[in-house]
Amino acid sequence: MKPINKQFKVLILFYFLSSFIFFTNCSSDDKNPKVEICNNGIDDDGDGFIDCEDLDCEESPNCLTEICDNGIDDDGDGFIDCADFDCNDFPGCN
């Protein structure tokens, strides 16, 4: 039986170490999920939706919209319904 030469041993060691590093790097993304920043024009979390179009930004102050006929300051800017500048084009506010 032929003895295994040193180069072959080094090759096998390299294979196992590189496999370990590869799988360790792949799983590390799961521990640090990406978060959508709701006002930078970038799809930070990689789900195909940007800023206020992303469901992760649903409650962000940057993405709240005024409902112009419910008596509530929906967007939190201190103005309610027709007194809110966001409602200038709303039919009941002209």
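Visitor: Where is Asp51 found?
Guide: In this predicted model, Asp51 sits in the segment after H1.

Visitor: Is Asp51 buried or exposed, and why?
Guide: Asp51 counts as buried because its relative accessibility is 12%, and the limit for that term is under 20%.

Visitor: Which backbone nitrogen lies 3.3 Å from a polar atom of the Asp51 side chain?
Guide: The backbone nitrogen of Asn40 does.

Visitor: Which residues does Asp51 touch, not counting those up to four places away in sequence?
Guide: Among them are Glu36, Ile37, Cys38, Gly41, Cys57 and Cys63, and Asn40 is also included.

Visitor: What about the phi of Asp51?
Guide: Asp51 is not a glycine, yet its phi is positive, about 45°. Asp81 also has a positive phi, near 45°, and is likewise a residue other than glycine. Asp81 is found in the segment after H1 and is buried, with a relative accessible area of 12%.

Visitor: Turning to Asp54, where is its place?
Guide: Asp54 lies in the segment after helix H1, which covers 6-31. Asp54 counts as buried because its relative accessibility is 2%.

Visitor: Which residues is Asp54 in contact with, leaving aside neighbours within four places in sequence?
Guide: The contacts of Asp54 are Glu36, Asp43, Asp45, Asp47 and Phe49. Glu36 is 18 residues from Asp54 along the chain, and their C-alpha atoms are separated by 7.8 Å.

Visitor: What does the side chain of Asp54 reach at 2.8 Å?
Guide: It reaches the backbone nitrogen of Asp56.

Conventions
Residues numbered from 1 in each chain as written. Predicted model: local features only at pLDDT ≥ 70, side-chain atom pairs only at ≥ 80, totals over all residues. Heavy atoms only, no water. Helix = DSSP H or I, 4+ residues; strand = E, 2+ residues; numbered from the N terminus. Buried < 20%, exposed > 50% of the residue type's maximum accessible area, 1.4 Å probe, protein only. Contact = heavy atoms within 4.5 Å. Polar contact = N/O pair within 3.5 Å; in protein donor to acceptor, adjacent residues only side chain to side chain.
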